[in-house]
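The following exercises ask the reader to work through a structure step by step. Each task is followed by its solution.

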Amino acid sequence: MRRPRNAAPGECGGRPPTKNARSAVIKRAAVNRHLATFGRRLKAGELGSVPVLLGLAAIWMVFQALNSQFLSARNLSNISVDMVGTGMIAVGIVFVLLLGEIDLSVGSVSGLAAAAFAVLNVNLGMAEGVAALVAILVGSATGVVQGFFFAKVGVPSFVVTLAGLLSWNGLMLYILGSTGTINLDDEGLVALLTSYYFNDVAVAYTLAAAGTAAYFLVSYHDSRCRRSLGLGSRPLGDIALHTAMVAVAVFAAAYVLNRFQGLPLALLIFLLVVIALECILRRTLYGRAIYALGGGVEAARKAGLKVAWVRISVFTISGTMAAVGGLFLASRVASASQTSGSGNLLINAIAAAVIGGTSLFGGRGSTWSALLGALVIQSIASGVALMGVPTAAEYMITGGVLLLAVVIDSLSRRAQKAHGRI
Amino acid sequence: MTSGATPPLLALRGVSRRFGAVRALIDVDLEIRAGRVIALVGDNGAGKTTLVNVVSGVDPPDVGVIEWEGRPVRITHPRDAQALGIATVHQDLALCENLDVVGNVFLGREIHSYGFLDEPVMENRTRDLFRMLSARVPDLRLPVATLSGGQRQTVAISRSLLGQPKLILLDEPTAALGVEQTAHVLECIDDMRDRGLGVLLITHDLGVVKAIADRVSVLRLGRNNGFFDVNTTSQEDIVSSITGATHSDFKYCEQDEIDWEL
């Protein structure tokens, strides 16, 4: 008898396997399948957000080792508010990158929106809500104009938005006139965007619980719909595992934020925007059209999609998000000036989207990459500031991280090519 | 004569299309009937793909009439063709590499409620379609970029069958395929004919023409250069018509058309 004595009962001839053994075998098979899928994805260059999470962990550990204040509740909370302006702009960039295009005008548009708001509200006395709305619509309008020249006239997006970068900056300087810096109302709505915190610890924890529950319910509902049609569905254990991971992440964030001043309003709005737009990208006709255009314009055209309309709308979203980001940035410094939206804001926004895992080549990405990328960039900025080294170092480190992200993007694309994809 | 009783599914009359100085199609006529496979052959640059683009609405004609079931129609957008019941499998397959199989099959015709995609239902219908074609794809949720040439062809053909079309245009469906996969595609085409669909099959392969087509229409330098009945025409005649060794004149074609109708 060569069979080992401790062989599972199910493997002995004749007797039917016990229920436990069978479920253990099924579980093991499921785990193996998961590992195999993960390995295949890794080899095929579908890394998703794994590299950016690893990178973020590395950056946090290095800066914490250099300065013990880095991972303090106060600093992490500040990072979470500071990243919102760039992050909002990066969300718009994600949409444009999904088409395989680029929008270089977002920095200027954000400055233009901030200036428009300041002039309308402070100088002309328009009500704050209306002025903010007009400023955001100005951003949308810049997107419509650029989208029109790109989609209908056929000018490459790079050139259209480069012209936009100059023109919108010029328009901003024109409407600011000789006023120079305009200070916003410290108690106003826009200023509150980045200065308001939900001091009650219950708010952060309640939202964390609600978010976890929502994640579980959506996953469970999807899985049940699929099972009712006889399609392969995620096992309950898999959903539970992912829900647990989400729970750990959001409750840890809530705990840290509550140790400072509570959940920042800016972060809450940013999360809601990211989740809502991700839902549009993944689950709606419109989102499917965006991915389709990124995967093959000709194929999308032949399938009857309205290519020009989708393109114009995507540039409109980019302009709108740039304006929203501009308001958050103005809110953070409680002013708008001739330097609003200048400097390396544009580069940071594009870098955030790419670092977060959205491909420069179109068709791959998610709005979460804007959040993760903005978090990485703001972490570097904050860490460098804590160490008291000059901005020169910040630029070089951010540049290095961006290069690394693009290298990962290109390598994963090459891996996909090697697998006969693309 | 029965031609008065049932008008052809699709008829092109005097269709021309030019791209700048290049005349891609000149005064082309074509008739396709339900339950028939018409092969469209011709050398490179004869205008075969342009003709497909004209009928599928990708590239509307400059001049000429398109008749659908006997009445003139205008096809100026892929949607118009889809609405009539014309499905197209383009030579480049027109698949979005980054979308999964289900996404590609339903591209442009997604099932949704209030704009939100109904993925489970779409996946279910894709699975049924693939079963009907007895086609195999490892996973309907894999991006199309991971599939082999034959599998991509299957995806493109399943997509064309989705809206229960009456006419299918296949632009070189077997060009990139091996022997076994070609045989499978031909079975699919045979199956379509049995179900009463009209099929326009573009191919370079006269073996495929002999194996599956009922009629052959030859294009040469953008013009009609003969209609043949596959069963009564030798391969040499078709070849000489493609290469221009013979110029079949139009009277002969019409005569031939009538013979076929009887």
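A salt bridge is a side-chain nitrogen of Lys or Arg within 4 Å of a carboxyl oxygen of Asp or Glu. The model is predicted, so that local features need pLDDT of at least 70 and side-chain atom pairs count only at pLDDT 80 or more, while totals for chains, interfaces and linings use all residues. Residues are numbered from 1 along each chain as its sequence is written, chains are lettered from A and ligands numbered from 1 in the order in which they are written, and side-chain values use heavy atoms, with hydrogens and water left out.

**Exercise 1.** Determine which residue of chain A forms a salt bridge with B:Glu119, and state whether the two partners are buried or exposed.

*Solution.* Step one: the side chain of B:Glu119 meets that of A:Arg288 at 2.6 Å, N to O. Step two: the pair crosses between chains, from helix H11 (residues 285-295) of chain A to helix H4 of chain B; helices (H or I, at least four residues) and strands (E, at least two) are DSSP runs, numbered from the N terminus. Step three: A:Arg288 and B:Glu119 are both buried, where buried means under 20% relative accessible area, exposed over 50% and partly exposed in between (1.4 Å probe, protein chains only). Step four: the two residues belong to a network of salt bridges that also links A:Arg226, B:Asp100, B:Glu123 and B:Arg141.

**Exercise 2.** Describe the interface of chain B and chain A.

*Solution.* Step one: the contact (heavy atoms within 4.5 Å) takes 30 residues from chain A and 33 residues from chain B. Step two: about 2600 Å² is buried between the chains, 60% of it on carbon and sulfur atoms; buried area is the accessible area (1.4 Å probe) that two parts lose on being put together, summed over both. Step three: in chain B, the most area is lost to chain A by B:Asn98, B:Leu117 and B:Pro120, together 18% of what that side buries. Step four: the rule finds 3 salt bridges across this interface.

**Exercise 3.** Characterise helix H8 of chain A by its span, its buried residues and their surroundings.

*Solution.* Step one: H8(A) covers residues 201-228, and its 28 residues reach 41 Å from the first C-alpha to the last. This is close to the 40 Å expected at 1.5 Å a residue, the expected span being 1.5 Å times one less than the number of residues. Step two: the buried residues of H8(A) include A:Ala204, A:Thr212 and A:Arg226. Step three: the buried residues of H8(A) pack against helix H9 (236-259) and strand E3 (263-264) of chain A, together with H4 of chain B. Step four: A:Leu217 also lies in this helix, but counts as exposed because its relative accessibility is 53%. Step five: after the helix comes A:Gly230, whose phi is positive, near 75 degrees.
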